[in-house]
Amino acid sequence: MGNCYVVVIDGLGVGAQEDADEYGDENENTLGHLCEETGCKLPNLQRMGLGNIIPLKSVPMESEPLCAYGKMREVSAGKDSTTGHWELAGVQLNRAFPTYPDGFPDEVIQQFCEGIGEDKVLVNKPYSGTEVIDDYGEEHLETGYPIVYTSADSVFQVAAHIDVTPVKTLYEWCEFARKEVLQDEHGVGRVIARPFEGEPGNFKRLSNQRHDYSMSPPDYNIVNRLKQEGIKTYSIGKVVDLFGGNGFTQFRRTKSNAEGISQLLSLMSAASDSFVFVNLIDTDQKYGHRLDPAGYAECLQEIDRAIPAIVSKLNEDDILIITGDHGNDPTSESTDHSREFVPVLLFPAKKGKAVNLGTRDTFSDVATTAADFFEVDAEYPGTSLL
């Protein structure tokens with residue numbers, strides 16, 4: 001049977017979808033703009049066929065790519081990590097998770113404060129994660145009030161200095177918010193704990209101690225389905241959090257892409273008839289949201305350098321799928337995610353229905369492919385790549 005590896009490069013889009021204007025993203029093209037601005041060279045991904053998906057200034061086409069290649073359209077409403085990963089797993093959302101461009105309603109904040117024993121919160125409006133601690137961190141140190149903020153995505157984010165609120169307590173607050181406050185009509189996609197440290201003028205987010213509390217997806221998703229059939233399912237990175245902690249035989253949270261790649265290579269040495277779902281978050285979290293094209297390019301090059309090692313560990317019966325979950329154009333004026341097609345590379349190319357897979361109708365082609373690969377009886381709204 002073999003192993004199926006799905007590696008998601010977080011925030012890697014390949015151009016605005018047809019409905020991107022509804023999200024204000026009609027001019028976004030994460031990978032295209034990045035290559036144009038930075039001249040980013042990705043020789044290993046180039047050989048796999050990345051430059052065949054869309055024209056890329058610094059990544060030429062390959063005449064005989066190692067992968068079947070194409071791009072996938074998101075049909076779910078939204079453009080966040082939860083929505084993207086769920087659709088990859090076969091769950092399409094007809095209604096987007098709620099967003100709060102004017103901040104959360106008083107009743108939400110009041111219930112949260114009562115539950116954690118605080119009188120009030122600071123901010124309660126959309127804000128950049130780095131700027132919010134720069135602007136409100138000192139007041140937080142003086143008052144002890146947690147910093148609550150959101151973004152264009154469906155997120156309830158709580159930031160607290162580790163000297164004011166221990167990380168364990170911050171996690172407990174966010175777990176309370178997830179389970180008791182942010183449900184039903186206010187069921188945001190994710191509650192995120194954002195600890196930080198440092199002094200006024202030099203605050204630093206502790207991204208390696210960030211913790212996401214996602215809504216749990218419907219049970220029929222491909223991860224649960226495979227586990228029900230006795231197939232081992234593994235999460236590397238934040239995937240397990242995006243699935244509410246459900247469906248995985250084993251999970252390995254990571255602090256960086258380097259650790260994620262290391263964990264993947266380690267697991268590949270022992271994996272047998274397994275489904276491995278990997279998220280490499282740094283492209284999105286560290287560089288896309290911070291509008292840092294150079295950092296984003298270096299991050300992609302780090303992934304590119306790991307490709308030969310990953311491919312060398314694949315067995316003859318294994319398949320590898322490399323894709324994204326949404327866009328996050330670091331050359332944009334917006335720090336938010338973008339509504340873009342995502343790339344799909346299937347290794348080896350001979351396993352694909354065609355070398356050029358074209359434009360796929362849904363991210364859920366990945367779920368259908370996994371079901372097909374493991375010969376599991378399951379129907380998802382997609383078409384197998386195999």
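Tutor: Let us begin with the term contact, which means heavy atoms within 4.5 Å. The model is a predicted one. In this sense Thr30, Leu31, Leu34, Glu37 and Thr38 of helix H1 meet Pro293, Ala294, Tyr296, Ala297 and Leu300 of helix H11. These contact residues comprise 7 nonpolar, 2 polar and 1 charged.

Student: Why are H1 and H11 called roughly perpendicular?

Tutor: The axes of H1 (residues 30-38) and H11 (residues 293-312) come within 10 Å and cross at roughly 105 degrees. Angles of 65 to 115 degrees count as roughly perpendicular. The two helices are therefore described as roughly perpendicular to each other.

Student: What makes H9 roughly parallel to H11?

Tutor: The axis of H9 (residues 257-268) comes within 11 Å of that of H11, and the crossing angle is roughly 10 degrees. Angles under 35 degrees count as roughly parallel, so H9 is roughly parallel to H11. On the H9 side, the residues in contact are Asn257, Ala258, Ile261, Leu264, Leu265 and Met268; they meet Cys299, Glu302, Ile303, Ala306, Ala309 and Ile310 of H11. The contact of H9 with H11 divides into 10 nonpolar, 1 polar and 1 charged.

Student: How do you know whether Cys35 and Cys40 are buried or exposed?

Tutor: Buried means under 20% relative accessible area. Cys35 has a relative accessible area of 1%, so Cys35 is buried. Cys40 is also at 1% relative accessibility and therefore counts as buried.

Student: Why is Thr362 called buried?

Tutor: Thr362 lies in the loop between strand E14 (356-360) and helix H12 (365-373). Its relative accessibility is 4%, so Thr362 counts as buried under the 20% cut-off. Leaving aside residues up to four places away in sequence, Thr362 touches Met72, Arg73, Val75, Glu87, Gln92, Pro381 and Gly382.

Student: What makes the pairing of Thr362 with Gln92 a polar contact?

Tutor: A polar contact is a pair of N or O atoms within 3.5 Å, where one must be able to donate a hydrogen and the other to accept it. The side chains of Thr362 and Gln92 are joined by such a contact at 2.9 Å. The Thr362 side chain also reaches the backbone nitrogen of Ser364 at 2.9 Å.

How values were computed
Residues numbered from 1 in each chain as written. Predicted model: local features only at pLDDT ≥ 70, side-chain atom pairs only at ≥ 80, totals over all residues. Heavy atoms only, no water. Axes fitted to C-alpha atoms, helices over the stretch in contact; angles between N-to-C directions. Helix = DSSP H or I, 4+ residues; strand = E, 2+ residues; numbered from the N terminus. Parallel < 35°, antiparallel > 145°, perpendicular 65-115°, else oblique. Nonpolar A, V, L, I, M, F, W, Y, C, P; charged D, E, K, R; others polar. Buried < 20%, exposed > 50% of the residue type's maximum accessible area, 1.4 Å probe, protein only.
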